[in-house]
Amino acid sequence: MPEGSTSYRCPNCNRPIQEEDVFCSLECEKEWLTREASKSQTEGILFCPKCGDAELKMAIPGLITIWKCPKCGYRGSLAVKDGVMREKISEEYEKEREEPPGG
Ligand SMILES: [Zn+2]
Ligand SMILES: [Zn+2]
């Protein structure tokens, strides 16, 4: 068994490699980068603060972005980025809708 050998591993496939901070192959590097890119995309999703819908559209792009929700008609500068909070909002919204109208 050779002594003093490095124990670096490819971040994508976990195969042993010779140098630090590299990938075992170009394919691995591409794969890993693609995966990281898609990850950051989903983490940046914005939700409607009223119904929790993720279909928020930019109504007025600019210094203060105004968001528009096609589901409940919400319009404003506030948007939720937290997935847990989003679930809560969605639950409450569905509850409200189930209640009979009038009073
Ligand atoms: Zn690899
Ligand atoms: Zn909404």
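Modeller: Two residues are in contact if their C-beta atoms, placed from the backbone, lie within 7 Å. This is a predicted model, in which local features need pLDDT of at least 70 and side-chain atom pairs count only at pLDDT 80 or more, while totals for chains, interfaces and linings use all residues. Residues are numbered from 1 along each chain as its sequence is written, and chains are lettered from A and ligands numbered from 1 in the order in which they are written.

Biologist: What makes up the surroundings of Leu56, once its neighbours within four places in sequence are left aside?

Modeller: With those neighbours set aside, Leu56 is in contact with Leu46, Phe47, Cys48, Trp67, Lys68, Cys69 and Ala79. Over the chain, 25% of the contacts with a separation of 6 or more are made by residues 24 or more positions apart.

Biologist: How do you know how far the model can be trusted, and what is the average pLDDT of the chain?

Modeller: On the predictor's confidence scale from 0 to 100, the chain averages 79, and 80% of the residues score at least 70. Among the elements, strand S1 (residues 8–9) has the highest mean pLDDT, at 89, whereas S3 has the lowest, at 75.

Biologist: What makes up the chain, in terms of helices and strands?

Modeller: Counting DSSP runs numbered from the N terminus (helices H or I of at least four residues, strands E of at least two), the chain has 2 helices and 5 strands, which follow one another from the N terminus as β-β-α-β-β-β-α.

Biologist: Why are S3 and S5 said to stand at the edges of their sheet?

Modeller: The sheet is open, with 3 strands in the order S3-S4-S5 and antiparallel pairing. Strand S3 (57–60) and strand S5 (75–76) each have a single partner strand, so one side of each is left without a neighbour in the sheet.

Biologist: How do you know that S4 and S5 pair?

Modeller: Pairing asks for at least two bridges found by DSSP between two strands, and 2 bridges join strand S4 (residues 66–68) to S5, the two running antiparallel. Within this part of the sheet, Trp67 stands opposite Gly76 in S5.

Biologist: What makes up the largest nonpolar core?

Modeller: A nonpolar core is a set of buried Ala, Val, Leu, Ile, Met, Phe, Trp, Tyr and Cys residues joined through C-beta atoms within 7 Å. The largest has 7 residues, namely Phe47, Cys48, Cys51, Leu56, Trp67, Cys69 and Val80, and 9% of the 103 residues of the chain count as buried.

Biologist: What makes the phi of Asn14 worth a remark?

Modeller: Most residues other than glycine have a negative phi. Asn14, in the loop between S1 and strand S2 (16–17), has a positive phi near 70°, and because 10 C-beta neighbours lie inside 10 Å, Asn14 counts as exposed.

Note on methods. Buried ≥ 20, exposed ≤ 12 C-beta atoms within 10 Å, placed from the backbone.
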